[in-house]
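Have the structure open while you read.

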Amino acid sequence: MADVQSQMIKFHEAIKLKRFDENETLRDKREIILKRLNSGLKKLDLDPTPKYEVIDQGSYAMDTGVKPLNGDYDIDVGISFKISKDDYPDPLEPKKWVYDSLVGHTKKVEIQRPCVTVYYQISGEPAYHVDLAVYSDKDNNSDGKIYLAKGKEHSHKENKIWEESNYPSLINLMKNHFQDSEDAKQFRRIIRYLKRWKDFKFQSKGNAAPIGIGITIAAYKWFAPNKVTNPFDNTTKYNDLEALQHFVGAVLSNFQMVYSEGVWTKRLEVLLPVAPGNDIFTKMTNSQMTVFQERLQSLFDSIQKAQKEVDPKEACTLLNQQFGCDFPIPDEKDTAQKRSPAIVSSSASA
Amino acid sequence: MSSIVFTKIDGGKIKISKKALTSMKKFIQDNDCKKEAGGVLLGRYILNSLDIIIDEITIPMWGDRRKWFGFFRSRRPHQKVIDRLWKESEGTINYLGEWHTHPENTPIPSDIDIRSWKHKLNHDVFDGDSLWFVIIGIKSLRIWELSRNNLSYQLIGESYYSEVENV
């Protein structure tokens with residue numbers, strides 16, 4: 001009923017994080033870090049200085065990024081060293097190269113379990129952080145596989161591992177998922193809508209919020225383009241709200257009863273389609289999972305109400321409550337046709 | 001009290017907003033002291049659709065003559081409201097038809113009503129193909145559509161107040 005496609009597109013424009021080549025500030029931050037890494041590695045006096053390749057990864061590379069609500073932009077970079085994992089039994093060693101090259105660059109540089117993180121602040125507030133994932137390159141491993149260096153400095157030995165990770169190939173999988181470029185655009189819009197919903201509806205700390213890559217992979221599995229082609233003039237009209245309704249419905253129907261933490265409970269499992277192939281939502285507790293499901297159901301109900309609503313203004317108000325302030329609510333006069341004035345006669349009734 | 005939605009002859013929807021519905025319901029003739037009331041329906045033709053929303057109504061005004069069984073709506077005060085809303089909304093709030101009350105549970109249009117509706121369809125100046133007419137009964141309201149393309153009047157919906165309350 002209410003056609004809110006133009007508001008959906010406006011919302012998308014408001015939340016879309018431009019890619020590196022379109023975003024000068026973030027591109028500059030990334031370049032500065034990479035230069036610093038390059039000079040830092042040389043200063044470490046390793047013999048020979050390790051060679052590496054820089055891989056773009058994360059939502060920038062997949063073109064699925066949304067502007068953060070808390071202002072803390074995150075930049076993902078992969079540093080793929082031309083080393084064999086077998087020569088470095090301790091995966092912390094190459095991670096420390098990266099850490100040592102960058103430490104002191106900003107107030108805070110930290111080794112995290114999956115990456116090394118450089119934090120930037122602007123007047124005391126977090127402004128950016130750059131996550132550098134450290135890999136052992138496939139050409140240097142006898143099995144031809146890529147490995148991610150995992151673990152922190154004081155982790156138990158069994159948590160310091162080289163984990164097979166074909167994360168870099170995920171970018172290609174996502175890029176080539178749809179042949180039709182307009183379908184691919186709708187695919188990325190749907191991912192961004194749900195990621196912003198997630199940022200708006202969940203606390204960003206801890207594991208309460210479903211992680212963005214999980215939403216992206218869920219869309220890779222369950223999203224289908226939604227459009228109508230007019231056979232007379234061959235124009236195609238995309239319906240993002242309907243596409244989103246079908247997608248959210250599909251996610252909800254994939255919550256399954258499983259035995260977890262000693263009880264039977266409904267959980268959503270989304271497996272990474274590349275190595276290591278793990279369940280992306282595994283860190284969420286059962287109760288966090290339940291909240292996730294309830295909020296998704298509430299989103300689904302609001303979308304259905306908005307679809308049935310005749311008045312575009314009211315439909316957008318319902319969506320604004322789910323997606324936050326960036327979802328535009330049109331003025332009444334912008335929802336209606338302009339018509340010429342009426343002149344009425346008197347009338348009698350009985 | 002929520003809004004209600006009916007389907008028009010052309011398949012589009014017509015929604016009566018909560019605001020318009022609440023104002024009309026104040027005039028339900030559910031006791032002997034309340035006289036017949038009425039006014040005009042005003043609202044939007046929604047972009048890229050066949051849908052219509054009745055956003056506003058006018059209520060009895062100076063010059064109208066109200067009786068227990070009969071209502072005469074004078075032209076000028078209601079026309080003034082039509083003109084003002086049309087102007088303020090940049091031409092998007094338009095005249096859509098009329099409403100009035102009946103002191104009966106399920107309203108049925110009288111011969112006078114039907115003659116008046118047909119007269120309005122033929123003599124009022126308005127930018128559209130149809131006009132809509134609401135009668136507020138005691139237990140339900142009903143809505144009829146009169147189209148320039150189709151000379152007969154057609155009942156397009158009925159809504160019981162008790163059902164709407166629960167929405």
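The report starts with the ground rules, moves to the interface, and then looks inside each chain.

This is a predicted model, so to speak with conditions attached: local features need pLDDT of at least 70, side-chain atom pairs count only at pLDDT 80 or more, and totals for chains, interfaces and linings use all residues. Residues are numbered from 1 along each chain as its sequence is written, chains are lettered from A and ligands numbered from 1 in the order in which they are written, and side-chain values use heavy atoms, with hydrogens and water left out.

**Where the chains meet**

Start with the interface: 45 residues of chain B are in contact with 26 residues of chain A, contact meaning heavy atoms within 4.5 Å. Together the two chains bury about 3300 Å², and carbon and sulfur atoms give 52% of that. Buried area here is the accessible area (1.4 Å probe) that two parts lose on being put together, summed over both.

On the polar side, the rule finds 22 residue pairs in polar contact across the interface of chain B and chain A, with both residues at pLDDT 80 or more. A polar contact is a pair of N or O atoms within 3.5 Å; within protein, one must be able to donate a hydrogen and the other to accept it, and residues adjacent in sequence count only if both atoms are side-chain atoms. Which elements of chain B give two or more residues to the side that touches chain A? They are β2 (13-16), β3 (38-45), β4 (52-57), β6 (70-73), α2 (76-88), β7 (94-101) and α3 (111-123) of chain B. These labels follow DSSP runs, with helices (H or I, at least four residues) and strands (E, at least two) numbered from the N terminus. The most comes from α3(B), with five residues. Sorted by class, that side of chain B has 15 nonpolar, 15 polar and 15 charged residues. For that sorting, Ala, Val, Leu, Ile, Met, Phe, Trp, Tyr, Cys and Pro count as nonpolar, Asp, Glu, Lys and Arg as charged, and the others, Gly among them, as polar.

There is strand pairing between the chains too. Strand β12 (residues 347-349) of chain A is joined to β6(B) by three bridges, and the two run antiparallel; strands pair if DSSP finds at least two bridges between them. Within this pairing, S349(A) stands opposite F71(B).

**Salt bridges**

Side chains of opposite charge can pair when their charged atoms come close. The rule used here asks for a side-chain nitrogen of Lys or Arg within 4 Å of a carboxyl oxygen of Asp or Glu. By that rule there are 31 salt bridges over all chains, and five across the interface of chain B and chain A. Here are some of them.

| Pair | N to O distance |
|---|---|
| E90(B) and K333(A) | 3.8 Å |
| R192(A) and D63(A) | 2.8 Å |
| D30(B) and K34(B) | 3.3 Å |
| R142(B) and E158(B) | 3.2 Å |

R142(B) sits in strand β9 (residues 140-147) of chain B and E158(B) in strand β10 (residues 150-160) of chain B, 16 residues apart. R142(B) is buried at 16% relative accessible area, while E158(B) is partly exposed at 28%. Buried means under 20% relative accessible area, exposed over 50%, partly exposed in between (1.4 Å probe, protein chains only). As for the pair R192(A) and D63(A), both residues are buried.

**Inside chain A**

Is strand β2 (residues 73-81) of chain A mostly buried or exposed? Seven of its nine residues are buried, so β2(A) is largely enclosed by the rest of the structure. Five bridges tie it to strand β1 (residues 52-56) of chain A, running antiparallel, with V54(A) opposite I79(A). Nine bridges join β2(A) to strand β5 (residues 125-136) of chain A, this time parallel, and Y73(A) has Y128(A) as its bridge partner.V98(A) is a residue of helix α4 (residues 92-102) of chain A and is buried, at 0% relative accessibility. Leaving aside neighbours within four places in sequence, V98(A) is in contact with L37(A), F81(A), V116(A), L132(A) and V134(A).

S260(A), in strand β10 (residues 255-260) of chain A, is buried at 15% relative accessible area. Its side chain makes a polar contact of 2.9 Å with that of N286(A).
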